[in-house]
Amino acid sequence: MKSISKLIRDDLQGFAEYRSAEKENAEGDGNKSGRIWLNANELPWSVVESVPENTHLNRYPEQQPAELLELLAKNYGVSTDHLLLSRGSDDAIDLLVRLFCNPKLDSVMICPPTFGMYEVAVKIQGANLFSVPLIRSQDFQLDLTKILEAWRSHIKIIFINSPNNPTGNLISVDDIAVLCKTLSGKAIIVVDEAYIEFAEAESAIKLLDKYENMVVLRTLSKAYGLAGARCGITFSSHEVVTWLRKVMPPYPLASLTIDAVIKTFEPENIARINAYIKTVEAERDKLYEAFKEIPSITKVWPSRANFILVETFNVEKFIDYCVKQGIIVRNVSHHESLTNCVRISIGTPEQNAQLLDILKKMP
């Protein structure tokens, strides 16, 4: 595991994380079932009572709630020491960049067009950004040759989004494995699988046991319908997870979020979620075929996510028309290879029917 440790920022070697009252109590001689808690400067009364039973908003939650860790570890087939919980995947992206990249010295590689938060996190950290575009003519797959040719020792992280936002395509897991193997001990490969539940495809999580430089991000914001709860999951080696826990805030998840996630994974709710996913997939495939017949849409890309990328004659006219009809879509034409392109999320069957009816009438 020393190959991972040497990638950590030099000024963080020997870093002593902030020890919250909760952590000291959990790791020391404290009793988690104590009746009187006087260790964290908390208000001793719970003000808000209309919350789930046994949830006390006057008390700080665990940094990594044991019950939730065990629940998610079982669901994803990993051990709890390979799993980290954060405030959505955005938080994990930021933590990874801050952990591995020295400002002005180290770099991150992205493969545009892709999720914009990678670039934001890099800029905030003051690190350098390298871009190797996806191959549009190959349905936005990785350009492995150019990635490896462009890699330099100061490039500590490569972010890959699969299914990719905003293009909707899966990235080859075999290509990801090649990067992990070739750059072992040299760079961290981060695969963001925010939309993987809609793809019914194999996850890069299967590579964790083979490559210590593999990191997989998942979120409960999409398929699980918990965007407002803010809960992300990071999978990696025990060493990477341990380091991330050191540098993350002491209380990343709100108690209500923890309760909401636990409840979401109850069998009846999982069954409902799976039904919703099937509906989204069916509606996505239906829209994909229907969009081909819309005169204002010049190209449609197949998608494995809960959205579809389309190209129009005039993106401003297209979006303005949709807005006037009460429909909001996402302009993604700022990406260099996506001129006049729009990303359209999959709604309910009723919403999708209205969208098609409106687009068919577009002058």
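Helices α4 and α5 are oblique to each other, a word used for angles that are neither under 35 degrees (roughly parallel), nor over 145 (roughly antiparallel), nor 65 to 115 (roughly perpendicular). This comes from a predicted model, in which local features need pLDDT of at least 70, side-chain atom pairs count only at pLDDT 80 or more, and totals for chains, interfaces and linings use all residues. Residues are numbered from 1 along each chain as its sequence is written, and side-chain values use heavy atoms, with hydrogens and water left out.

Let's stay with that helix pair for a moment. Two packed helices are described by the angle between their axes and the distance between the axes. For α4 (residues 88–100) and α5 (residues 117–125), the angle is about 40° and the axes are 9 Å apart. Axes here are lines fitted to C-alpha atoms, for helices over the stretch in contact, and angles run from 0 to 180 degrees between N-to-C directions. The crossing of α4 and α5 is right-handed, meaning that the near helix is turned clockwise from the far one by less than a right angle. On the α4 side, the contact (heavy atoms within 4.5 Å) is made by Asp-90, Ile-93, Asp-94, Val-97 and Arg-98; α5 brings Met-117, Tyr-118, Ala-121, Val-122 and Gln-125. Six of these residues are nonpolar, one is polar and three are charged. In this grouping, Ala, Val, Leu, Ile, Met, Phe, Trp, Tyr, Cys and Pro count as nonpolar, Asp, Glu, Lys and Arg as charged, and the others, Gly among them, as polar.

Helix α4 has another partner to look at. It packs against α8 (residues 238–247) at an angle of about 95°, with the axes 10 Å apart, so α4 and α8 are roughly perpendicular to each other. Here Leu-95, Leu-96, Arg-98 and Leu-99 in α4 meet Trp-243, Leu-244 and Val-247 in α8. The residues of this contact divide into six nonpolar, no polar and one charged.

Now follow Arg-98 and Gln-125 to Arg-9, which touches both of them, along with Leu-99, Phe-100, Cys-101 and Asn-102, leaving aside neighbours within four places in sequence. Arg-9 sits in the loop between α1 (2–5) and α2 (21–27). Is Arg-9 buried or exposed? Its relative accessible area is 13%, so Arg-9 is buried; the cut-offs are under 20% for buried, over 50% for exposed and in between for partly exposed, with a 1.4 Å probe and protein chains only.

His-82 is found in the loop between α3 (66–76) and β1 (83–86). It counts as partly exposed because its relative accessibility is 25%. Beyond four places in sequence, His-82 touches Thr-234, Phe-235, Ser-236, Ser-237, His-238 and Val-241. The C-alpha atoms of His-82 and Val-240 are 8.3 Å apart, although 158 residues separate the two in sequence.

Finally, the whole chain holds 12 helices and 11 strands, which are DSSP runs (H or I, at least four residues, for helices; E, at least two, for strands) numbered from the N terminus. Of its 363 residues, 53% are buried.
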